[in-house]
Amino acid sequence: MKPTVRQTALFVLVMGFFLVLCFAAGYELSRLLFHVTGHPPEILEHIISSLLGAAVFGEGNKLLAVLRGPKYNRDRGSIMETTIQAMNRIAHGDFTVSLMDDKDDPYNELAVTVNNMAKELGSMETLRQDFVSNVSHEIQSPLTSLSGYAALLEDDMLPPEQRRHYVEIIKAESKRLSKLSANLLKLSTLEAGIAPLSAKDYRLDRQIQNTTILLEPQWSEKKISVEADLNKVVISADEELLSQVWINLIHNAIKFTPEGGTIHITLFSDREKISCKVADSGIGIAPTDQIHVFERFYKVDKSRDRSLGGNGLGLSLVKKIVELHGGSVTLESKLGKGTTFTVIFPQKT
């Protein structure tokens with residue numbers, strides 16, 4: 001017997017409510033788990049919570065089918081069986097699930113919901129795999145260098161000058177590995193919300209000026225002209241975290257600006273916002289790359305960036321820290337013309 005529109009609507013409503021309850025249960029289970037094991041990165045938290053919710057939904061449907069008896073199973077057995085099978089596949093990590101999408105089917109909305117969930121979980125799993133792959137790749141490169149040059153140093157006949165050169169390479173690779181570890185830890189901490197912001201009032205112009213002076217050896221070596229037009233600005237923010245923003249932005253400007261180029265830093269404020277721009281006359285960024293530059297491990301020029309010691313996490317940190325302060329960071333760039341990063345914070349009322 002074909003169900004009525006009212007029965008179908010009621011069924012979809014009940015199943016939707018049941019689905020929400022199951023994922024809420026999965027979220028609470030994940031919270032208990034993280035309380036014992038500690039919080040992983042945010043993306044892994046979402047994946048684990050979703051998988052637990054899917055597992056609860058699948059097992060709950062099995063129990064409901066038993067409790068409702070054979071008559072219910074005959075009336076709605078086909079759609080329920082298909083849905084349960086799909087949810088069980090999702091719970092076991094198979095996100096290729098695709099239920100038939102038929103607009104004339106009274107249970108079509110349920111099928112669309114399951115398909116969308118599988119698609120979203122599949123996207124998150126892809127992100128997780130890419131993240132693990134990128135971390136492994138970034139760690140493997142310096143480890144290979146460390147191992148190789150350490151083996152070369154075992155040669156007693158090695159000339160002193162060459163020995164010093166190998167030692168410098170080992171030190172540089174160790175520093176790169178340490179920086180990667182520190183940035184990953186910082187990102188994970190910020191995303192998990194473990195360390196709250198320690199906001200205080202301080203002079204933002206002085207902080208940016210001090211950062212510029214701190215990096216002077218780098219821009220002086222490349223004979224880069226640095227111009228700073230910094231208005232007096234007081235901001236209420238986490239001073240240590242914002243320091244990372246300016247170090248990363250100015251360091252990137254130095255890194256990708258050719259010898260003899262220019263960097264212009266401006267800071268001003270009005271009644272609504274505080275704005276800082278870091279503009280360089282560097283190589284620029286192609287439009288196809290601009291939408292990705294704030295993604296973890298993304299590198300516009302992988303070979304060039306690796307030779308300069310980058311790990312593709314600096315701008316991800318910048319974006320996260322700025323957003324934690326309620327601000328935004330954007331960029332404008334043209335190939336061969338340079339790049340301008342603009343950081344904007346709302347004025348505190």
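In this predicted model, five strands form an open sheet. Their order is β2-β4-β5-β7-β6, and the pairing is mixed. Strands of a sheet pair through backbone hydrogen bonds, either parallel or antiparallel. The edges of the sheet are β2 (225–230) and β6 (328–334), each of which pairs on one side only. On average, neighbouring strands are turned by 10° against each other, with direction ignored.

Within the sheet, strand β5 spans residues 273–280 and strand β7 spans residues 338–346. The two run antiparallel and are joined by eight bridges. In this pairing, isoleucine 274 stands opposite phenylalanine 345 of β7.

Helices also meet these strands. Helix α5, residues 204–214, lies across β2, β4 (262–269) and β5. Helix α5 runs at about 170° to β4. Helix α10, residues 314–324, packs on the sheet as well. Its contacts there are with β6 and β7. The direction of helix α10 makes about 140° with that of β6.

Aromatic pairing was examined next. A search of the whole structure finds one aromatic pair. Its members are tyrosine 149 and tyrosine 166, with ring centres 5.2 Å apart. The planes of the two rings stand at 50°, so the pair is tilted; tilted pairs fall between the stacked limit of under 30 degrees and the edge-to-face limit of over 60. A pair of aromatic rings is described by the distance of the centres and the angle of the planes. The two tyrosines are 17 residues apart, and the pair links distant parts of the chain. Tyrosine 149 belongs to helix α3 (residues 108–152), whereas tyrosine 166 belongs to helix α4 (residues 160–192).

Tyrosine 149 has 26% relative accessibility, so it counts as partly exposed.

Totals for the chain complete the picture. The chain holds ten helices and seven strands. It has 349 residues, of which 39% count as buried. Among contacts between residues at least 6 apart, 70% join residues at least 24 apart.

Technical notes. Residues numbered from 1 in each chain as written. Predicted model: local features only at pLDDT ≥ 70, side-chain atom pairs only at ≥ 80, totals over all residues. Heavy atoms only, no water. Helix = DSSP H or I, 4+ residues; strand = E, 2+ residues; numbered from the N terminus. Buried < 20%, exposed > 50% of the residue type's maximum accessible area, 1.4 Å probe, protein only. Contact = heavy atoms within 4.5 Å. Phe/Tyr/Trp six-rings, centres within 6.5 Å; stacked < 30°, edge-to-face > 60°. Pairing = 2+ DSSP bridges. Axes fitted to C-alpha atoms, helices over the stretch in contact; angles between N-to-C directions.
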